[in-house]
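Welcome, and thank you for taking a look at this protein. Please open the sequence and the 3D view side by side, and we will walk through them together.

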Amino acid sequence: MKAIAMFLGALAISTAAIASDTARVDGRLVTTGMTVAEVNDRIGAPTRVEDITNVYGARIGARWEYHRGRKMVTLWVEHGVVVRIDEQ
């Protein structure tokens with residue numbers, strides 16, 4: 001039973017989005033801590049930008065998506081700085 005639970009846990013992790021501190025987009029590295037100006041200089045404008053708001057509707061950040069074929073890299077931006085990177 002324990003082996004089945006471990007297998008299912010590993011399977012869930014392997015199919016989920018991967019969060020990391022670094023991503024490669026068009027052969028160039030992007031890391032957390034970079035400013036939006038550095039990201040734009042390195043990999044260009046995102047495919048899509050979506051504002052992140054709090055319960056009162058105030059903007060608290062943005063989600064930048066880069067679609068490259070079957071790969072999607074999402075940068076979470078707060079106060080002009082990348083704070084999280086997800087890859088799918």
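Two strands are said to pair if DSSP finds at least two bridges between them. Helices (H or I, at least four residues) and strands (E, at least two) are themselves DSSP runs, numbered from the N terminus. What you see is a predicted model, in which local features need pLDDT of at least 70 and side-chain atom pairs count only at pLDDT 80 or more, while totals for chains, interfaces and linings use all residues. Residues are numbered from 1 along each chain as its sequence is written, and side-chain values use heavy atoms, with hydrogens and water left out.

Let us begin with the overall plan. The protein has two helices and seven strands, and from the N terminus on they follow the order α-β-β-β-α-β-β-β-β. If a contact means heavy atoms within 4.5 Å, then 35% of the contacts with a separation of 6 or more are between residues 24 or more positions apart. The accessible surface, from the Shrake-Rupley method with a 1.4 Å probe (for residues, only the protein chains shown count as cover), comes to about 6,100 Å². Carbon and sulfur atoms hold 58% of that surface.

Now follow the strands towards the end of the chain. Strand 4 (residues 48–53) pairs with strand 5 in the antiparallel sense over six bridges, and T53 stands opposite R59 of strand 5. Five residues lie between the strands of this hairpin, where G57 takes a positive phi near 90°. Strand 5 (residues 59–68) also pairs with strand 6 (residues 71–78), antiparallel and over seven bridges. Here E65 stands opposite T74 in strand 6. The hairpin of strand 5 and strand 6 has two residues between the strands, and G69 has a positive phi near 65°.

Which strand does strand 6 join through six bridges? That is strand 7 (residues 81–87), and the two run antiparallel. V73 has E87 of strand 7 as its bridge partner. The hairpin of strand 6 and strand 7 has two residues between the strands, and H79 takes a positive phi near 55°. As a rule, in a regular strand the side chains alternate between the two faces of the sheet.

Next, look inside. Buried means under 20% relative accessible area, exposed means over 50%, and partly exposed lies in between (1.4 Å probe, protein chains only). By that scale, 24% of the 88 residues are buried. A nonpolar core is a set of buried Ala, Val, Leu, Ile, Met, Phe, Trp, Tyr and Cys residues joined through side-chain atoms within 4.5 Å. The largest such core has 14 residues, and those with the most contacts inside it are V30, V39, W64, Y66, V73, L75 and I85. Two or more residues of this core come from each of strand 2 (22–25), helix 2 (36–43), strand 5, strand 6 and strand 7. In soluble globular proteins, nonpolar side chains tend to be buried together.

A salt bridge is a side-chain nitrogen of Lys or Arg within 4 Å of a carboxyl oxygen of Asp or Glu. How many salt bridges does the structure hold? There are eight. One of them joins D26 and R68, with the closest N and O atoms 3.0 Å apart. This pair links distant parts of the chain, 42 residues apart: D26 is in the loop between strand 2 and strand 3 (28–31), and R68 is in strand 5. D26 counts as exposed at 53% relative accessibility, whereas R68 is partly exposed at 28%.

Another salt bridge joins R48 and E50, whose closest N and O atoms are 2.8 Å apart. R48 is partly exposed, with a relative accessible area of 43%, and E50 is partly exposed too, with 29%.

Our last stop is D86, in strand 7. Is D86 buried or exposed? It counts as buried, because its relative accessible area is 9%. The side chain of D86 forms a salt bridge with that of R84 (3.0 Å, N to O), and R84 is partly exposed at 41%. Salt bridges that share partners also join R48, E50, R63 and E65 into one network.

A polar contact is a pair of N or O atoms within 3.5 Å; within protein, one must be able to donate a hydrogen and the other to accept it, and residues adjacent in sequence count only if both atoms are side-chain atoms. In that sense, the side chain of D86 makes a polar contact of 2.9 Å with the side chain of W76.
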